[in-house]
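Have the sequence and the 3D view open as you read.

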Amino acid sequence: MNTKVELEIVAAGAYASVQDGGRRGHRRIGVPWAGALDSRLMRIANALAGNVEGAPVIECFDGGLQVAARGGAVRVAVAGDASVEVDGRDGRRKLPSWRSVTLAEGESLRIRRMLSGRLAVVAVADLALPAVMGSAATYVRAGLGGVGGKALAPGVRLPAGAGDAVDRALPQPPLADAGPIRIVPGPQTGHFTDEALQTLTAAEYRVTAEADRMGVRLEGPRLAHRGAAEIVSDATVPGSIQVPGNGQPIVLLADAQTAGGYPKIATLISADLGRLAALRPGQALRFATVTADEGASIARAHEGETRALIAAIRPLLPDGIDVAVLYSANLVGGVVHALAAEFRPLPSDHA
Amino acid sequence: MSVSILDAGDAALTIEFGDAIDLGLLAAVNALDAAIARRQAEGGLAGLIETMPTFRSLTLFYDPLATDREALLAELQPLLAAAGQGAPARGRQWRLPVCYEGEAAPDLAEVARTLGITEAEVVALHAGTDYLVYMLGFLPGFPFMGDLPRKLRLPRRAEPRVRVPPGSVAIATGLTAIYPWESPGGWHLLGRCPVPLFDARRDSPSLLAAGDRVRFVPFSADECRVIEAGLSSGEIDPLTWLDADAKRATAAQEGA
């Protein structure tokens, strides 16, 4: 008998949803891109699972996600700085993240907690979901994509498999970047006092509890408008920093409204969207301005780092072999460091 | 016409024609948008992902790995010259049913009180005007329509609602809209439209398009329930609400 191989969501944690590279081409009818908040995590997770880089994945906030193989073996891979464990036939074992693992029927994988940041991505071999308007990304407000247009909940089952039956690991995970979040002033900087942009880049802001896939409300020194805190609505982009009348900035992310009537003082560069989305409520951050051209250079460098990371992924020997041996045999980790340092000296480089 | 090119990060830029709701600005936006679409169809503007037209500006989303601003702007320059000469896109004419009573109209009494007219006068004014769909945005299928009769113009509510029910027909400033989805919102709710504005299964998921014209037709709560049941069972086609004259014109065009 041919049983279906599936991945069951046993626990969804704080919030988990199916995402991919996003839904392009429909902003003019009000449909945001949605898609993975940190596309680098998605691409690495998929590469670890043996999928194409833009395949649908599970994106989860703040850990707590537990998934189990049903009807056969399922290969999953975790990207993100997480503490992971597998409940297997031989008991419970800890697993490093940044690798894939093949769960036998009945085995489960759990993201116990995030070691840093709040985003983890779980890629699933052979996860196939129908594209809605060109993408499987879940956009809950309009019920698009994912499984029935909803966030993942316990009991949901996703079609899955063991893929090419090779587990893989990323020898050296991406370096955490504690530097400022980079922004390009505009499009409505002129709607604010001259001091407002200075304040935004000089002061510390804090992530509030209102932080999700739509956006992140920040709190900190008030940004003063020159006139009314309102404009005739125009387009927003992922990374727009809009400032309503209370002077507190809101950074818009993947699921945000496509148009808005609040002036936008600045826009995050594309390479830093994932970093901002990964900040936890209560965490402090700083902004630094760059030009649009500098932002594009950083985007190219970021892409180079991502490709180097993916190129460094290595097949694992069958389980039981010490992964650390492979880690220590890594020859390309230094490339990643060099690329990062070119644009953003690491704190250790100042010492 | 003066044009400003505004930075919107490293992956988007906004071409702004002005800061008002104005048919001349809208025409310029539409003309540039159409010129860009033609250029893309010819294989130009590599790296441009999509455009977003609004009342007064066009935002271009591009892939900074596939193009750069300088190349994009150089290719846009000749297209910008054409933008002054457009006319607003001519859309279809709709007659959409609205229930202006009871639970469907939570702010009707307050709006009438604030304006110093009767509820019936508010409804007559709101349903007695042809509205232009200036743009879609905010939420999937959400139409920003105008202009409201002067007498109905009010600022947004001081306290935005946390939950505006889907289908709500709302007014604020000089505009009217229909909320296709439950969402927070600060507009005044005058009624409810039973026709779904967005369906991802359709070839054109948004019922309305920028440039369409909309007239609201009052129906009783009972009538709206019947309409809603007919729409959800598939007995009523949403295109039923295209204006009869407009439908005849479309049929004649298709027959030609």
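Which residue is the bridge partner of B:S4 in β2(B)? That partner is B:E16. This is a predicted model, where local features need pLDDT of at least 70, side-chain atom pairs count only at pLDDT 80 or more, and totals for chains, interfaces and linings use all residues. Residues are numbered from 1 along each chain as its sequence is written, chains are lettered from A and ligands numbered from 1 in the order written, and side-chain values use heavy atoms, with hydrogens and water left out.

The sheet in chain B is open, with four antiparallel strands in the order β1-β2-β4-β3. Strands are DSSP runs of E, at least two residues, and helices runs of H or I, at least four, numbered from the N terminus; two strands pair if DSSP finds at least two bridges between them. β1 (4–7) and β3 (48–53) of chain B sit at the edges with a single partner strand each, so one side of each has no neighbour in the sheet. β1(B) pairs with β2 (residues 12–16) of chain B over four bridges.

Now for the interface: 43 residues of chain A are in contact (heavy atoms within 4.5 Å) with 43 residues of chain B.

| Class, side of chain A touching chain B | Count |
|---|---|
| Nonpolar (Ala, Val, Leu, Ile, Met, Phe, Trp, Tyr, Cys, Pro) | 22 residues |
| Polar (the others, Gly among them) | twelve residues |

The rule finds three salt bridges across it, with a side-chain nitrogen of Lys or Arg within 4 Å of a carboxyl oxygen of Asp or Glu. B:D33 and A:R28 meet in a salt bridge at 3.0 Å, N to O.
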